[in-house]
Amino acid sequence: MPRLTKAQLADVESKAAQMTPEDWARLLESESEPLQAPRSSWVPQDLTAVLDGTAEPILPTVGYREDGPGLFYPGRTHWVAAESESGKTWFALHACRQEIERGHAVVYVDFEDDAAGVVGRLLVLGADPDDVAARFLYVRPEGRPTELELLALADQLAHARPTLAVVDGVTEAMAVFGLDPLKLDDVPKFTRWMIRPLVLAGAAVVALDHVVKAADNRGRYAIGSAHKLNGLNGAMYVLEKVVGIGVGVTGRTRVRISKDRPAQLRRHALPGRDGGMAWFGDLVVESHGQEHATVRLFPPAERPEVDRQEDVLRVLEEAGIPLGVNSVAKLAAGRKADVSVALKQLATAGRLLEVDGPRGSKLYRLPDTLL
């Protein structure tokens, strides 16, 4: 049966609005064929592939970790929440560079920085300028978009077919739309107005957000409503700063999974302590000065020990006195178990000296530390 024209559909809708419950009952009891309305999400889906086992699970194929697993699901929404200077922009740009190098287009909607800052970081990571010019679509909104502006953006996305779309600065973005991140009803509005159009372009959409300031109340959520977590259909990452990122230093951020709706990421992670967020990996940003930096996302079981050892050496050098495991772990912002292993390895290699402390404890110092 041919599809209805717009005029015919309008006529059907007009008549349907005037139908009584009895009219609907007679229609449902008749044996006439159902009308073939235009494609709509309200039409029942064909479940054949699901029922016969041929349906393929959605996999995270956008961006990737050092050992191969992907980071984001195509056509799904994702949230990355972190406190300031925890590396969420580096995390996003790392995935942008990977997609650009694969020959894919990337969209970056920036509400926090400017083109010089964002593209500058991308170049610092080693992205080819010609590739950036050809496949990196940078958008810096300065106000709520008009319908014409949204149509123009949609037209560009339709032609570029990006695999990744980053929205940097959710709180600032919601303010542009006149929305409040603390209001439950405003979160789905923002998703519908800002996130949904990017999803419809086929991209894995990644929204960069802030966590609440009080660590005790932070839990698994970004700032504002838990609806951000409940409404996403991809994954949510929470980044935890281990060693600060800066020019000329090696910083590290722990990447944890707060939610994984398609359930394909957690199998590449280690379970969190006490049933908490799974440990997906460590983002290591090694700065070689103003113009070059190396960013790598290591799996949790293969985090380079040299990074932890160098953190320990730095802490002991700055302290200038012998310290125990607990003190070193606190100053290095690392897990006690990791610090203990690093201390023992350094002592075995002769790079640290183990000395007796009070009440039978063990302290560690650099060989040239004055007692």
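User: Which backbone oxygen does the side chain of Arg-365 reach?
Analyst: The one of Pro-367, at 3.4 Å. Do keep in mind that this is a predicted model.

User: Noted. Where is Arg-365 found, in terms of strands?
Analyst: Arg-365 is part of strand β13, which covers residues 362-365.

User: And is Arg-365 buried or exposed?
Analyst: Buried. Its relative accessibility is 13%, and buried means under 20%, so Arg-365 falls in that class.

User: Okay, zooming out. How many helices and strands are there in the protein chain?
Analyst: The chain has 13 helices and 13 strands. Of its 371 residues, 40% are buried.

User: What's the strand order in the open sheet?
Analyst: Nine strands build that sheet, in the order β5-β4-β6-β7-β3-β8-β9-β10-β11, with mixed pairing. At the edges sit β5 (136-139) and β11 (293-298), each of which pairs on one side only. On average, neighbouring strands are turned by 20 degrees against each other, ignoring direction.

User: In which sense do β3 and β8 pair?
Analyst: Parallel, over four bridges, between residues 77-82 of β3 and residues 235-243 of β8. For one of the residue pairs, take Ala-81: its bridge partner in β8 is Val-238.

User: Nice. Now helices: which strands does α9 lie across?
Analyst: Helix α9, residues 186-200, lies across β3, β4 (106-110), β6 (164-168) and β7 (204-210). It runs at about 155 degrees to β6.

User: Which residues of α9 are buried?
Analyst: They are Asp-186, Val-187, Phe-190, Met-194, Ile-195, Leu-198 and Val-199. As background, an α-helix has 3.6 residues a turn, so residues three or four places apart point the same way.

User: Where does α9 bend?
Analyst: At Met-194, by about 40 degrees. A proline, Pro-197, follows within four residues, and Met-194 is itself among the buried residues of the helix.

User: Last one: what follows α9?
Analyst: Gly-202, which has a positive phi near 95 degrees.

Terms used. Residues numbered from 1 in each chain as written. Predicted model: local features only at pLDDT ≥ 70, side-chain atom pairs only at ≥ 80, totals over all residues. Heavy atoms only, no water. Pairing = 2+ DSSP bridges. Helix = DSSP H or I, 4+ residues; strand = E, 2+ residues; numbered from the N terminus. Axes fitted to C-alpha atoms, helices over the stretch in contact; angles between N-to-C directions. Contact = heavy atoms within 4.5 Å. Buried < 20%, exposed > 50% of the residue type's maximum accessible area, 1.4 Å probe, protein only. Polar contact = N/O pair within 3.5 Å; in protein donor to acceptor, adjacent residues only side chain to side chain. Bend = angle between axes of the 7 residues up to and from the residue.
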